[in-house]
Amino acid sequence: MKRLDIKRRPVADTVLATLEPETKEYRELDSSGLYFRVKPDGKWSWLFRYKKAAGKLSWLGIGTYPELSGKGARKKAAEIVQDISHGDNPIITKQERKRQELELNNATFEVLAREWLDTKLNAWVHDTMTRNKGALEKHIFPVFGKRLYTNIKPIEWMNHLKGIQQQHGIYEQVNRVRAMCRDIYDYSKLNSH
């Protein structure tokens, strides 16, 4: 569907799902402050336009479509309006909500690491998977496994990994574990919405 054919706002999900990309990115108003962005590559996302304290207009990304439906995007937009009306910075409150959402979804390091390990099933031979999984289970999960991965500070990682090296004298394995943990965090960035 062409954007010129949109008849009603807020825009129904059945209409959003059929909006065609154009040669340039465009934003279509859905409801007060909430816009639906369509990129030339056909990717869709939600943006919220708001006024900063100094009066300057700014954009805030609030999610991708269809992962975030129209109803969900309008709910998030209403939360942002409420935050602004209370004098809160919408970017900070968005980050706080994301942290709470991660907690609710049990975003512990072990859950994230096991999800990442699943992505390696076809990439690693059986022995590599066994060795790497075993290293995480022995050296990392007992200390960081039950913690939210977003709350573990870099200094904690550094101290823990140094401690393993000193205690066990396994320098090469610790370097492998460090690289895996870095990859796990990179994976979390790629899969966060």
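**Salt bridges and a helix crossing**

Author: E110 and R114 both belong to helix α4 (residues 109-119), where they stand four residues apart, about one turn of the helix. Helices here are DSSP runs of H or I with at least four residues, numbered from the N terminus. The model is predicted, so local features need pLDDT of at least 70 and side-chain atom pairs pLDDT 80 or more, while totals for chains, interfaces and linings use all residues. Residues are numbered from 1 along each chain as its sequence is written, and side-chain values use heavy atoms, with hydrogens and water left out.

Reader: What makes the meeting of the E110 and R114 side chains a salt bridge?

Author: The term requires a side-chain nitrogen of Lys or Arg within 4 Å of a carboxyl oxygen of Asp or Glu. The N to O distance for E110 and R114 is 3.0 Å, so the pair meets the definition.

Reader: Why is E110 called buried, and what is R114 called?

Author: Buried means under 20% relative accessible area, exposed over 50%, and partly exposed in between (1.4 Å probe, protein chains only). E110 has 16%, and is therefore buried; R114 has 29%, and is therefore partly exposed.

Reader: How do you know how α5 is oriented to α7?

Author: The axes of α5 (residues 126-144) and α7 (residues 171-190) come within 10 Å and cross at roughly 90°. Angles of 65 to 115 degrees count as roughly perpendicular, under 35 as roughly parallel, over 145 as roughly antiparallel and the rest as oblique. Therefore α5 is roughly perpendicular to α7. Axes are lines fitted to C-alpha atoms over the stretch in contact, with angles from 0 to 180 degrees between N-to-C directions.

Definitions and conventions: Helix = DSSP H or I, 4+ residues; strand = E, 2+ residues; numbered from the N terminus.
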